[in-house]
Structure formats: structure tokens, C-alpha cells
Amino acid sequence: MRAELVRSAPCGDDAVIVAVRAAREFAPVRAGRFFMLKRTDGASPLIPRPFSIYRQKGAELEFLVKVVGRGTAALAAASPGGELLLTGPLGNGWPAMGGEGLPWVFLAGGVGSASFPLAIEQALAGMDGAPPVAPDRLCLLLGAARAGSLYDLPALEATGIAVHTATDDGSAGLRGTVLDLLASRRASGEIPPAFRILACGPEPMLRAVAGYAERQGLACWLSLETRMGCGVGICNGCPVPTRPGGPRGGWPHVPCCTEGPVFEAGEIALG
């Protein structure tokens, strides 16, 4: 469907938050699902780009767009009032988070933080009949190369949950990776021995998180930043290898766009 770009605001060193208003209002979209976006004036490449939903207010949807190439540059340069082609919501999002059970720890690497603002909002409010999660049972750990890639940090801190940061260059928070940060917070006692993980970021980070969760016996879900073509499972351009003997072992690959982008860590074999 066609949508109007209603505002665009810089975010960090190399990203923007764009808000679009669709022709119709969407039912609440589960955090972690995505939309395909492109401009309709020819400035975007032919193939649209996938973006996790960042926030939702009825017919108005927000997306965090990191500029990495022609498609994202075109979206970042679009002016309010411009028209976008919007396809979605697509894919499967994060699991339902209820107030019972183990705490939830969110791990984000760089622009992987994009799927967490809505996840936090939905967990705190309760969704799909699940009771709300208390703020002290949620924790967000953000890792990035540098401070300027800790996108929209003040807004995340304003959610009321614990937020901690790590950067490769030490320009903000702990000097190190998001897993170093997790180890530090566990050692301090702020994060208990048993918890559940939701992680989104570059594949090397997700491989490390999956390995960590397996060694520690922790439930873990991963949201992949896989390149996609159609977004609806037709082009077969986003195969994800499954783990032999795992719950999807009968299928050597599954399409990320329709079966993901969120997978339980034990389902897939990254790298």
C-alpha cells in the first residue's frame, strides 16, 4: 500500500527515524515483525528494503533507518509529504512476553536495537492476554562500535527499564562487546543466573549469543538482519540454514522473511 512520510529525524551518527502514515490503521503489530519500504518516485532501487517496526501509533508507523547504501540513503533523504510504498506487516516477531517466569534480557548490536522499543512497550503493557511484565524484570543491553551508534539512547532509557551500554572503542559505557556487558552485569548480580534472551544484531554477534545461551542453558531467540528480496517467500533469496536434528531438521533451509526474522536459537545454524 502507499503511505505518506510525515516526518524524518536524525538519530545517532548515521541513521534517521522516519514516521509514515498508511492509508489505513493497522491492528497492533507484534514487535519484531517488519515492513518492506521504498520510495515511489524512482529514487529507491527496484527492490524495497526490510525494516523492523520501531514504534506504532495506529496508522502511524516508525522505522529506524541506518544509511548503508542506495536504498537506505533514498529513504533517509525523503522529505515529509513524500510517498512511500509500504508492504507488511511481514514475518514472525518476538515471542509473547508475560509477567510470569524468568526475567527477559534484550541484547542489541548497533541498529539491532530497532526491534526493541516496541517490544519493551508491549511487554510493559501486556499483549495478547499476557499479564504486564514489571520493569525490574526487563533489561536492555546495547552494544555498538562507538557512542554515535547507540541509537535513540535517551528514549530507551526513558522506558523505565534498566539500560546499559558497551562500545568497542570505549566512547560510551563498558569498553567491549554486548556479551562482555552481559557478563559484567551478571557478575554484579543485577542480572540473575537464569533469564531469557532476545537478541538482534549482526550475525557474528548472534552466533556468539547463541553459543553463550547454549552453554549456559538459557532460552534464547534471535532476530536476523538477513538481506531479503520479496519479503513474502517467493524469491527464495533469504535462506537460513536449520540445525540438523533440530525442530526444523527436515528442512535444510527456511526463508527468513516468512519463518523469521525471529527464530529460537536452537532452530537454526548460523555461519
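Searching the whole structure turns up one cavity of 30 Å³ or more. On a 1 Å grid over the protein atoms alone, a cavity is a set of points where a 1.4 Å probe fits but cannot get out, whereas a pocket is an open set with protein on both sides within 12 Å along at least five of seven lines. Lining residues have an atom within 4 Å of a point. Volumes are the space filled by probe spheres set on the points, with grid points joined across faces, edges and corners.

The model is predicted, so local features need pLDDT of at least 70 and side-chain atom pairs count only at pLDDT 80 or more, while totals for chains, interfaces and linings use all residues. Residues are numbered from 1 along each chain as its sequence is written, and side-chain values use heavy atoms, with hydrogens and water left out.

The lining of the largest cavity consists of Arg30, Ala31, Trp94, Pro95, Ala96, Met97, Ala119, Gln122, Ala123 and Met127.

At least two lining residues come from each of β4 (49-52), β6 (60-66), α1 (70-77), β9 (138-144), α4 (178-188) and α5 (203-216). Strand β4 contributes the most, with four residues. Helices (H or I, at least four residues) and strands (E, at least two) are DSSP runs numbered from the N terminus.

Helix α2 spans residues 116-125, and seven of its 10 residues are buried (under 20% relative accessible area; exposed is over 50%, partly exposed in between; 1.4 Å probe, protein chains only). The buried set is Phe116, Pro117, Leu118, Ala119, Ile120, Gln122 and Ala123. Among the elements covering these residues are β5 (55-57), β8 (104-109), β9, α3 (153-157) and β12 (196-200). Just after α2, Gly126 has a positive phi of about 85°.

Leu85 lies in strand β7 (residues 83-90) and is partly exposed, at a relative accessible area of 31%. Beyond its neighbours within four places in sequence, Leu85 contacts (heavy atoms within 4.5 Å) Met1, Met36, Leu37, Lys38 and Thr40.
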